[in-house]
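Here are a few notes to read alongside the structure. I have kept them as numbered points so that you can check each one in your viewer.

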Amino acid sequence: MLSALRNDMRVLTLDLNMRLNTACLGNVAFANFLMEVGTKPQEVVQLPSEIRKCQDLNEMLSAVYPQLNASRSVYTYLGVDKMCEDDEIDRNITNRYPNEYLNSLDPPGLPPFKLELKVRSPIILLRNIALKDGLCNGTRMMVVRCAARIIELIQPTEMLKLLGTADFE
């Protein structure tokens, strides 16, 4: 049985890649390359020479973020390192699991026990912090400064605005 709305529907196709700014000549060539991919049956795609394969994750990170290879100090943040020792908790439970074992656990949805960061490292927020300010799950940020209990972050677009190196609407 067909819906009554079926006659009023039409199929839309996406044929313009909005992520590529066609005002730049370098982007126009890449946009044309992307538009041609997948249009011919039994097609073998020849990647441009500037795109290279990476053998492992470290090589890929070095290629995508070359500034991360610069010798910068690593800041280490540790989580809580022992179980709570309230009088109301059974002492046998606190002695059952050594702190080293608890610190080695990395359950999904919780931050790691040991977090190592460098200044200018890219990170992604995993929690909604301030929705009105755009600090929500999936927001890309960059480490600006690390202190004992504070990590100062900035969105890369905000940094570009401060430097005046990009056009913004």
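1. How many disulfides does a search of the whole structure find? The search gives 0 disulfides. Please keep in mind while reading that this is a predicted model.

2. Now the overall layout. The chain contains 5 helices and 5 strands. If you walk along the sequence, these elements come in the pattern α-α-β-α-α-β-β-β-β-α.

3. How much of the chain counts as buried? Of its 169 residues, 10% do. The chain exposes about 15,000 Å², and carbon and sulfur atoms supply 56% of that area. As for contacts between residues at least 6 apart in sequence, 35% of them join residues at least 24 apart.

4. Which strand does E4 pair with over 4 bridges? Strand E4, residues 140–146, pairs with E5 in this way, in the antiparallel sense. To find your place in the sheet, look for Met-142, which stands opposite Ile-154 in E5.

5. The loop between E2 and E3 holds two residues that I would point out. One of them is Arg-120. Arg-120 has a positive phi of about 75 degrees although it is not a glycine. Arg-120 is also partly exposed, with a relative accessible area of 38%.

6. The other is Ser-121, found in the loop between strand E2 (114–117) and E3. Is Ser-121 buried or exposed? Ser-121 is buried, with a relative accessible area of 11%.

7. How many salt bridges does the count come to? The total is 2 salt bridges. In one of them, the side chains of Glu-116 and Lys-114 meet, with an N to O distance of 3.5 Å. Glu-116 is partly exposed, at 48% relative accessibility. Lys-114 is partly exposed as well, with a relative accessible area of 48%. Both values lie below the limit for the exposed label, since exposed means over 50%.

8. Another salt bridge joins the side chains of Glu-152 and Arg-145, at 2.9 Å from N to O. Glu-152 counts as partly exposed, at 34% relative accessibility, and Arg-145 has that label too, at 43%.

Methods. Residues are numbered from 1 along each chain as its sequence is written. This is a predicted model: local features need pLDDT of at least 70, side-chain atom pairs count only at pLDDT 80 or more; totals for chains, interfaces and linings use all residues. Side-chain values use heavy atoms; hydrogens and water are left out. A salt bridge is a side-chain nitrogen of Lys or Arg within 4 Å of a carboxyl oxygen of Asp or Glu. Buried means under 20% relative accessible area, exposed over 50%, partly exposed in between (1.4 Å probe, protein chains only). A disulfide is a pair of cysteine sulfur atoms within 2.5 Å. Contact means heavy atoms within 4.5 Å. Accessible areas come from the Shrake-Rupley method with a 1.4 Å probe; for residues, only the protein chains shown count as cover. Two strands pair if DSSP finds at least two bridges between them.
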